[in-house]
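Me: Hey, can you walk me through this structure? I'd like to start with a few single residues and then get to the ligand.

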Amino acid sequence: MVFQPGLFAPEPVSLVNDAEGGIRYLPDSIPAIAAQQWFEQSLENIGWISQQRMMYDREVAVPRLLATFAREAEDLPAPLGEAFEAVRALLGAPFNRVGLNLYRDGNDSVALHGDKTEKLLPGQPIAIVSLGTCRRMSIRPKAGSGRIVHVELEPGSCIVMSYASQFTHEHGIPKLAGVTEPRISLAFRCYAG
Ligand SMILES: O=C(O)CCC(=O)C(=O)O
């Protein structure tokens, strides 16, 4: 599948404002046929990992499956080569890492958090492409009384978050009763060095 940037003209929805573009939702960033193909290829080709983490004094499973790849990796599994090029072209940013999340059903989630910024290139965005079933993202200011925003992440959409917004806002995917189908997110980042 060849992605042709410019074929679709998504209308961005601004969710948070800041000097670096804030947090924006871009529906239909990836054509529907490509988004479906990327979803199927990701399910099949990615070596999904179940991680454990310490919670208080015991080990618990992270409630989703994970994977990470560098753009320069040899034998980058499909669809990641195509996805890197598409998202770099879409946003004009030098994305060189992708973190993948597989939410198997509505019991899988990620808690509200800001991304770790130590290894990221300051000023460059983070782009999260959604594939598969629709899930809701919550975005909450870290301090103050600003409003919480919820956005339904449709397949083929992209959330673009500024580097600056990681210091001011948290984002997460809450559990959602009744969801039986999987969702995959591809979180593209610009690592320094
Ligand atoms: O799956 C998502 O849309 C969010 C992923 C996320 O927050 C992360 O990878 O840090």
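Me: What does the side chain of Ser-162 make a polar contact with?

Reply: The partner is the side chain of Asp-18, at 2.7 Å. A polar contact is a pair of N or O atoms within 3.5 Å; within protein, one must be able to donate a hydrogen and the other to accept it, and residues adjacent in sequence count only if both atoms are side-chain atoms. Bear in mind that this is a predicted model: local features need pLDDT of at least 70, side-chain atom pairs count only at pLDDT 80 or more, and totals for chains, interfaces and linings use all residues. Residues are numbered from 1 along each chain as its sequence is written, and side-chain values use heavy atoms, with hydrogens and water left out.

Me: Is Ser-162 buried or exposed?

Reply: Ser-162 is buried, with a relative accessible area of 1%. Buried means under 20%, exposed over 50%, and partly exposed in between (1.4 Å probe, protein chains only).

Me: And where is Ser-162 found?

Reply: Look in the loop between β11 (158-161) and α3 (165-168). These helices (H or I, at least four residues) and strands (E, at least two) are DSSP runs, numbered from the N terminus. Ala-164 is found in that loop between β11 and α3 too, but Ala-164 is partly exposed because its relative accessible area is 23%.

Me: OK, on to helix α3. What does the side chain of Gln-166 reach?

Reply: Gln-166, which is in helix α3, reaches the backbone nitrogen of Asp-115 with its side chain, at 2.8 Å. Gln-166 counts as buried, at 2% relative accessibility.

Me: New topic, the ligand. Which residues are around it?

Reply: Among them are Asp-115, His-113, His-171 and Ser-185.

Me: How far is a polar side-chain atom of Ser-185 from an oxygen atom of the ligand?

Reply: That gap is 2.7 Å. For His-113, an N or O atom in the side chain is 3.0 Å from a ligand oxygen, and for His-171 the distance is 3.0 Å.

Me: How much of the ligand does the protein bury?

Reply: Taken alone the ligand exposes 290 Å², and the protein buries 93% of that. Those areas come from the Shrake-Rupley method with a 1.4 Å probe; for residues, only the protein chains shown count as cover.

Me: Which element gives the most to the shell around the ligand?

Reply: That's β13, with three residues.

Terms used. Near = heavy atom within 4 Å.
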